[in-house]
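These are my notebook entries on a structure that I had not examined before. I set down what I looked up, entry by entry.

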Amino acid sequence: MAAQDTIRFVPERCDGCGDCMKACSKAKGSASRISVVAGVGQGWEMALCRQCGDPKCVANCPAGALDKHGGTGIVGWSAELCVDCHLCTLGCAYGGIAFDPTAGHVQKCDMCDGAPACVLACGKGALQHLSAAARLHETHADKEDMFVPGLSACQGCNSELLIRHTMRRIGRESIVAAPPGCIPGMGTVGYNGQTGSKVPIFHPLLTNTAAMLGGIKRQYERKGQDVTVVALAGDGGAVDVGFQSLSGAAERGERVLFICVDNEGYMNTGMQASGSTTFGSWTSTTPVGEIGRGKSTDGKYLPQLMMGHGCAYVATASTAFLDDYHAKLEKALAASRAGFAYLHVHAPCPTGWRFPAAMTTEVCRRQVESNFVTLWEFTPADGLRFTRGVERPRPVADYVRMIGKYKHLAPADLERIQASVDRRVETLQGFRRRPAAE
Amino acid sequence: MTDAHAKYLIVGASHAGREALAAIRMHDPEGRLVMLSREKHLPYSPTILPYVVSGRSAPDHIALAKAEWFADNRAELVLGARVVEVDPTARAVRLADGGRWTYDRLLLATGAEPAVPRVEGLERGGYHVLRTLDDALAVRTHAASARRAVVLGAGLVGLHAAETLAEAGLDVTVVEMRPHVLAEYFDARAAALIGETFERHGVRMLMGRRLERAAGSEPCRLGLDDGTELEADLLLVVAGVRPATDLLAGSPVATDKGILVDQRMRTNVEGIWAAGDVAQANGFLSGRPIINGTLPEAVEQGRIAGMDMAGDADLVPYGGGIALNTYGFFGRHAVAVGAAATAEGDGAEVHTTEGNGYCRIVLKDDRLIGLAAIDRVVDAGILWRLIQRRTDLTPVRDRFLSHPLETARALMSQGWR
Amino acid sequence: MNQLTPNSSRMIVCDGNEAAARAVVLARPDVVSVFPITPQSSLVESLSQFVADGVLGAELINAEGEHSVLSALQGACLAGARTYTATSGPGLAFMFEPYVRTPGLRLPMVVSLVTRDMLSPQCVWGGQQDAMSVRECGWIQIYCEDVQEVLDTVVMAFKLAEHKDVLLPVNVCHDGNYLSYGVSRVEMPAAGLVDEFLGEAAVNWHIALDPARPMAVDPLTGGTGPGGAASFVGYRKSQIRGMASALDVFSDIHAEWGERFGRHWAPLVEEYRLDDADIAIVTIGSMTGAGKDAVDAARDRGEKVGLIKVKMYRPFPRGAMIAALSKVKAAGIVDRSVSFAWDCGPLHQDVMTALFASPVRIPLVGCIGGLAGADITAEHFARVIAATAQAAGGDIPASPIWLNEHD
C-alpha cells in the first residue's frame, strides 16, 4: 500500500473557533466537510472522513460512485456515478460523508490535493495533516539509500526494510557494524572484495560488536570528528555471546547506537534457538518430537536488562509502527552523543517461524496488539514510557495462532505464554516514573 | 480435485457475495475462490435499477466489480451459472445447464426475487418486475412509448420507479395495500410527508388499496378493492421480494422465510454459509430471526460470512439486524434508522419535531432505538452505532433531542479516541 | 613521578612491567585498552596512572575483559589509532577469538605478553606456555631478555608493526615474575628522539573504517564462488610475505635504534661467545642471563661453550639460526614450555625443522625448565652444557631433560 494521508485532530488544542469549517466551505464552495462540534461535557470534537483503509461507505455504494484510491488512499466520490441514494452515509461511523442540502448530494473530504485548507487555516495546531508513509516518504525519500539494490534477504523479511530506513536517516557520516547473521548474510558487507554498502561497514565477530564500536568511536572523538557508529546486530550477537561486550560497552557509556534486530534465534544458519527464543518455539535445536515440545524456557528479554545498565536511551520498536521507530531512532541518535543508546526491534522471520511471507507486517502488528511485544522507551531521568498503550490487549493466542513454530502448542502452553506476557507487562509498568504525588 | 472444485464457492454476485469474496482474500490469498452468478452481466446492485430505468445510470457503468477486480483478487467469476440444487453430502451444487461445482466452503448469497401477489388476471408477460438489469432495461424501453403507468407497491423500489416514470413524463399511479408509503421504515406522519411530495409532483397515490383483478395489456385494466378502475400502458409490480431459496428444495439446509443463519452467518449445515437478502439472521431489537433486506446489511453479513469461511480470527460476530435506510426523492432526503416507527408507550418515548425538517426520535431507557428524519441532516451511520452499542444518552439527552447531528458526532468522536 | 623530558635520556630503576608501560608512554598510542591479570596487572596500573597524571595522552578503555580489550583496539585501529594493550595466560586465551583475527586484518598493534604458564594445573606464575600456544596465529613474537630490552623492544615493536612491508600485530613477550617484577636500572630514551624514531602512526591506510574512505572491511571471502579461492589465497600469501619481511625490517630497525640510542641488540638471534665454541646452548627470554653466566663459568673452566639467544621467534629466523648452529657440533635447547605433540619444547621443534632444511646436521639436546615460575639457575645450565657435550660425543638423550623435575 502506498503513502496515505489523514488529518489528525488534537482536541486539547481546539478552541472551537470554526476557522477550519470556514476554510473548507470557502475552498469547496459548499457546506464544510469538516465539522467541529461541542464535546460532551467540555471541549470540542470533530467529524471528518478518516479515509478508512476498508471503507464501508464504498462497500455500501450501489453505483460504484465511491472508491478508495490505491495510491493516495483517498476515498473519492464521483458526481457522475452517484445516484443520491445516500446509503454511503449508513456505512460511516465518523460523520465523514453526509448529505449536503445546498449541494443536493453527499459531500466528503478529498484532502484538498494534499494541502488541506482546514489544516492550513487552523492556527491552534488542533488539526495536523498526517501520513505515516507519506511523511516518512517526504522526510526520507530524498535521502540516499546506503545499501546496494538486490540485498538477498528472504522474502518477507523486515530487516532489510529496517536497515534501509535506518541508514537513510543516519547517512554517510557513519560506520556500520554487521555482526554475523542475517544482515551481513543478505549481502550488506559484500563478498570477495565487493561491498554491499555505501558507508564503511564491517563484520565484527558475533561476540565483540559493541566493544569494537566503542574503540572506533573513541578514536573519532579523539580526532574531534562526529561520526555515528551503529550496530545492526541480531539477537545472537546481543543476547547470547555478544552480551558481555554489549554489557561492558553500555556500562562504560560508549557513545554508540546499538540496534538489535531480534528474530528470536539463529535464523541465518538454519533456525537454531538463541537466548531470545521464546517458550514453546520450534527451532532446529529445540525440535518437536515424541518428547520435545519446542523451547522449554522463556526467552531472555534484553531491553529490560539494558534499562538495568542505565543506558542513555533504551527503546523497543516494531516495523509495523515505523513512525514510532523513526521517532525513537531520532532520540537514540541524539542520546548516542552522550551515552550508550540501545534499540530493540522485533523481526518476525517468515522463513524460520513459518508464516506466509506476505504476513510479516501483520504478524508485527499482532505481536504488539497482543502485548507479546510492547513498545516503550526509557531514559534514566524519565523512566519507562509506553509509546503505545498496553491496556486491553488481544489474547496472545491471536498472535501465536499465526505462527507455524507454535503450532504444536497445547492450551496449557498458551496459558503459560499468556501468563508470562502479562507478567512482563506488569514488570515493565514498574519501571515507569511515578508522579511525586503518588 | 477436479477443475470444477473451489475451496470457496460463492453463489450470487451482489453486495453480500462481493464483500465475502474480499473478506476471504484478506485472510487467505491462495485458496481457489469461485463466484457463480446467474446473470450474464458483471455484478451489479439491485438498488441501482431504478436509476437505470431513469437513465441516470448507464447500464455499462454500474458494475460493482469488474474483471480486473476479480483478477486482482485471484477469483473466478462464472456468469450464466444458475444454481438449481445444493447437495451438502457431496459438497456440490448443480447448475441449470447441468454443470456441477464441488466446494469446501459454500456461501449462498442468492438474494431475493420479486414476490408477485396472486391476483385474478395478473399473468406473466402482462406486467413488469424490477429485480434484474434486464428487467430495468425492459421497463426503460417500455416507458418510452407508454403514457400511463401503474406501480403496484410503495416500498423503496416502487417509489423510486414511480418518481422516475413521473419525471419521464408518464401519468403515474401508485397502489399500495398498506395505509402509507414505506411502512417498514417510516411512521404515518413521515410517510405522509413523503406521499404528499409525490402527489405534488403529479403522482396519484392510492394507499390502503388492494388490486383485485387485472385484464388485458396495453392498456391493462385494473380493478381495486374499493371499486377504482385504472388503465395502465405499463404495469410495474414491485410489491415486495422473497428470499431466493428455491435451490434448497429438498436439502437439509434450514429455512424459514429465508435461510436461517447464526451470528457467523453459518447455516445449520456444516460448510454452508448464507448472507444478504436470502439470509434470515437475528434482529438486533427483537432478538428473533428476521429478514432485513437492505444493502448495508448485505455488506455486513457478507463480510462476516467471508471472514468466517476463511477462518479470520478478527471476526466480530453479527450483532443483529437493524432496519435502516436512506432515501432521496425529488431532491429531498429521508433517513430511517432502527425502530423509527415505534409507537409511544411500552417504555418507548417518542420526540417529534417539525420546525427545521421532520425528526422523530424514539428512545427507550434513554437509549436510542430509532430515528427518522426528512430534510434534516443526521449521520445515519453514527445513529446506527449508537443503537448497536446501546449508548446511554442520559448525560446528553436534552442536547441530543434538540441537536441530534452535533450531539451524535460529539459522542462518536469522543468514543473513537 | 619522574618527569619525562623531550631530548635527554636518563636512568631510572623499575621492573619490566613499568618499563613496558614507560615504553608505551614514549610511543604515544592513541588508544589503550586494559584489563588486569596476574602477572601483568602492575603494567596496566602504571598505564592507568600515567593517563590519570596526564603523562600518557591516550584514550584509556577499561574494558570488561580481554576479549573486549582487543576488540576495542581493533575498532580503534581501523579508525586510525595507534593501539596497545598487555595480557597474560588465561587473558590471552579469552582474547583468542579477536586475537586470531588481528593479523588477517593486518592491524599493526603492539600487545605485550607477560608470559605465564597455562592452566591447568592452576598456576599464576611465569612460563611461556601462553605465548607458545599462539605461536601459529600470525602474530609476530619477540622475546626479551631483560628490563632494558623490554623497554627498547616495545618501542621498536611499534615501528615494526606499522612498517608498510609488515603491517602485522606484534607480541612483545617478557617473562612473568622474572621480568614483570624483576627490578633493574634502565636508561629511558629521550621522548623527542623516540618521536623522531617512530614518526607519525600510519595504521589504517590500507584498511579503514572511515566515512571519508567508505569500504567494506572483511566481507565474506573464499568459498567456491567465482574468484573466491584465489582471493582468499591472495590474502593468506600476502600475510606470509608480511611475516617474511619482518626479519629484515626488524634488523634495520635495530640498526637504527643502535645508531640513535647507542644500544645494539641482536634483532633475530644473538650469538654469545659462539665463534670458537664447540657446543652451544639455545635460550629464549629471561633465562638467557643465567645461561650467559653458565657459559662464562664453563669458559672459565676451559670448555668451549657459546649461547644462542632467540629474540624473534615468529617469524622464525631460520637463516640466522642455521648460521649460528653451523658454528658448533651440538646444541642444547632450553624451552620454557612444552610441545605436547612432539615430547619436546616448541623451540626445540623449530630448531629441528630449521636444521632439516639446511645441510647442517648436529645433535640436539632438548631441555625443559622454568615452568610455573621455577628457577633456571646457572647450575641447571651446567647440566645442559654437560648433556650437550655428551651429545657432541654421540650420546644423545632420547627424550627431554626436565630441569626442575626434582626441585
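Entry 1, confidence in chain B. I began with chain B, whose mean pLDDT is 93, with 99% of its residues at 70 or more. I bear in mind that the model is predicted. I then asked which element of chain B has the lowest mean pLDDT. I found that strand β20 (residues 324–329) of chain B does, at 88, whereas strand β17 (residues 272–274) of chain B has the highest, at 98.

Entry 2, make-up of chain B. I noted ten helices and 24 strands in chain B. Of its 417 residues, 50% count as buried. I also looked up contacts in chain B between residues at least 6 apart in sequence, and 64% of these join residues at least 24 apart.

How many residues of chain B are in contact with chain A? I recorded 37 residues of chain B in contact with 34 residues of chain A. On the chain B side, α7 (295–310), β20, α8 (380–388) and α10 (404–416) each supply at least two residues. The largest share, seven residues, comes from α10(B). By class, I listed this side of chain B as 20 nonpolar, eleven polar and six charged residues.

Entry 4, two helices of chain A. I turned to helix α8 (residues 209–223) of chain A and helix α10 (residues 243–252) of chain A, whose axes come within 6 Å and cross at roughly 40°. From α8(A), the residues T209(A), A210(A), A211(A) and G214(A) take part; they meet S245(A), L246(A), G248(A), A249(A) and R252(A) of α10(A). I classed the residues of this contact as four nonpolar, four polar and one charged.

I traced four bridges in the parallel sense between β6(C) and strand β7 (residues 170–175) of chain C. Here I142(C) stands opposite V172(C). With helix α7 (residues 147–162) of chain C, β6(C) and β7(C) make a right-handed β-α-β unit. I also found β6(C) joined by two bridges to strand β13 (residues 312–314) of chain C, running antiparallel. In β13(C), R314(C) is the bridge partner of Q141(C).

Note on methods:
Residues are numbered from 1 along each chain as its sequence is written. Chains are lettered from A and ligands numbered from 1 in the order in which they are written. This is a predicted model: local features need pLDDT of at least 70, side-chain atom pairs count only at pLDDT 80 or more; totals for chains, interfaces and linings use all residues. Axes are lines fitted to C-alpha atoms, for helices over the stretch in contact, and angles run from 0 to 180 degrees between N-to-C directions. Two residues are in contact if their C-beta atoms, placed from the backbone, lie within 7 Å. Ala, Val, Leu, Ile, Met, Phe, Trp, Tyr, Cys and Pro count as nonpolar, Asp, Glu, Lys and Arg as charged, and the others, Gly among them, as polar. Two strands pair if DSSP finds at least two bridges between them. A crossover is right-handed if, with the strands pointing away from the viewer, the path from the first strand over the helix to the second runs clockwise. pLDDT is the predictor's confidence in each residue, from 0 to 100. A residue is buried if 20 or more other C-beta atoms lie within 10 Å of its own, exposed if 12 or fewer, and partly exposed in between; C-beta atoms are placed from the backbone.
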